[in-house]
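I opened the notebook to go through this structure one point at a time. Each entry starts with what I looked up.

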Amino acid sequence: MTTTGETLKQQRRTDVAKLAEAGIAGIVVFVALVASLHVVGPGRDPISITVSEYVLGSYGWLLSFAALAFGLGVLALTAAIAATLPSPRPRAGLILLATAGSSMVVVGAFPTDPIDPTDPRFVTTSGVIHAAAGILAFTCFALAGPLLTRPIRTATSTTRLNGLAFLPPAGYAIFWATGILDNQLGGLFGSRSATGLGERLMAVTFIIWLFAAALDIRRAMRQG
């Protein structure tokens, strides 16, 4: 016979699983919309043009919506992680991940200016806010991953995150390395910038980690 306490506990686990699923949905929407922008805007070089600059095209609203979905998804995942981990929780990691999600919402709300990777300058208020929020989000993702990987793995008794703690900071390092080399050399590939490539590689590392964390939590809550 199921007691009231057991029913409430199961409901809580279901609610946490739904938060993880909301996080997965936000990530999937982001990936799908950004991928579609590469199809509807084929004239932009994905090696040199950052994803943010797709907002300047005819379908720019798709990128704004993608960033908003991603940010809200990360916030939902942060709530799921916080509800999954036992006390004492890694507050620094949770705050960093929540800040990253909130910053992505700001990124979606404020479009970027056109970017020259060899001399990046932002001339509008929207461009400045976008750039600051983007860098803050990237930095927080890179730091949150290593801080949260082991606690999530321990709490969920799953192995999907094994070996992935290094991914977010590695992607972050790649992003800055391409940016610095572009700035110093006037383009990493001769006159061709690699900033867009560095940003995309970084995004892939963040997405892999986030997706793995969300799947681990969902599985643990659904099987409990």
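Is Glu21 buried, partly exposed or exposed? I looked it up, keeping in mind that the model is predicted. Glu21 is partly exposed, because its relative accessible area is 23%, and buried would mean under 20%.

**Entry: the salt bridges**

I asked next how many salt bridges the structure holds. The count is two. I went through the pairs in turn. Arg218 and Glu21 meet through their side chains, with 2.8 Å from N to O. This pair links distant parts of the chain, since Arg218 sits in helix 6 and Glu21 in helix 1, 197 residues apart. Arg222 also meets Glu21 in a salt bridge, at 2.9 Å from N to O. Arg222 belongs to helix 6 and Glu21 to helix 1, so this pair ties together parts 201 residues apart in sequence. I noted that Glu21, Arg218 and Arg222 form a network of salt bridges.

I then checked the accessibility of the arginines. Arg218 has a relative accessible area of 34%, so I listed Arg218 as partly exposed. Arg222 is at 38%, so Arg222 also counts as partly exposed.

**Entry: the chain as a whole**

I stepped back to the overall layout. The chain has six helices and zero strands. Along the sequence I read the pattern as α-α-α-α-α-α. There are 224 residues, and buried ones make up 44% of them. The accessible surface is about 10900 Å². Carbon and sulfur atoms account for 67% of that surface. I also looked at contacts between residues at least 6 apart in sequence. Of these, 76% join residues at least 24 apart.

**Entry: the nonpolar core**

Which residues touch the most other members of the largest nonpolar core? I found Phe70, Ile81, Phe141, Ile152, Leu210 and Ile217, in a core of 51 residues. Helix 1, helix 2, helix 3, helix 4, helix 5 and helix 6 each give two or more residues to this core. Helix 6 gives the most, with eleven residues.

Leaving out residues up to four places away in sequence, Phe70 touches Gly26, Ile27, Phe30, Met104, Phe141, Ile207 and Leu210.

**Entry: helix 3**

I turned to helix 3, which runs over residues 91-109 and has 19 residues. From its first C-alpha to its last, helix 3 reaches 27 Å. That is close to the 27 Å expected at 1.5 Å a residue. I listed its buried residues: Gly93, Leu94, Leu96, Leu97, Ala100, Gly101, Ser103, Met104, Val107 and Gly108. What do they pack against? I found helix 2 (60-84), helix 4 (125-156) and helix 6 (195-223). Met104 is in this buried set, and Met104 is also a contact of Phe70.

**Entry: the nonpolar surface patch**

Val39, Val40, Tyr59, Trp61, Phe65, Leu68 and Leu72 make a patch of about 730 Å². Helix 1 (4-40) and helix 2 each supply at least two of its residues. The largest share, four residues, comes from helix 2.

Trp61 lies in helix 2. Its relative accessible area is 57%, so I recorded Trp61 as exposed; the mark for exposed is over 50%.

**Entry: backbone checks in the loops**

Which peptide bond is cis, with omega near -5°? I found the bond from Ser87 to Pro88. Pro88 is placed in the loop between helix 2 and helix 3.

I made one more backbone check, on Ser157. Ser157 is not a glycine, yet its phi is positive, at about 55°. Ser157 sits in the loop between helix 4 and helix 5.

Key:
Residues are numbered from 1 along each chain as its sequence is written. This is a predicted model: local features need pLDDT of at least 70, side-chain atom pairs count only at pLDDT 80 or more; totals for chains, interfaces and linings use all residues. Side-chain values use heavy atoms; hydrogens and water are left out. The expected span of a helix is 1.5 Å times one less than its number of residues. Buried means under 20% relative accessible area, exposed over 50%, partly exposed in between (1.4 Å probe, protein chains only). Contact means heavy atoms within 4.5 Å. Patches are made of residues with over 30% relative accessible area and no salt bridge: like charges are joined within 9 Å, nonpolar side chains (Val, Leu, Ile, Met, Phe, Trp, Tyr) within 5 Å. Accessible areas come from the Shrake-Rupley method with a 1.4 Å probe; for residues, only the protein chains shown count as cover. A salt bridge is a side-chain nitrogen of Lys or Arg within 4 Å of a carboxyl oxygen of Asp or Glu. A nonpolar core is a set of buried Ala, Val, Leu, Ile, Met, Phe, Trp, Tyr and Cys residues joined through side-chain atoms within 4.5 Å.
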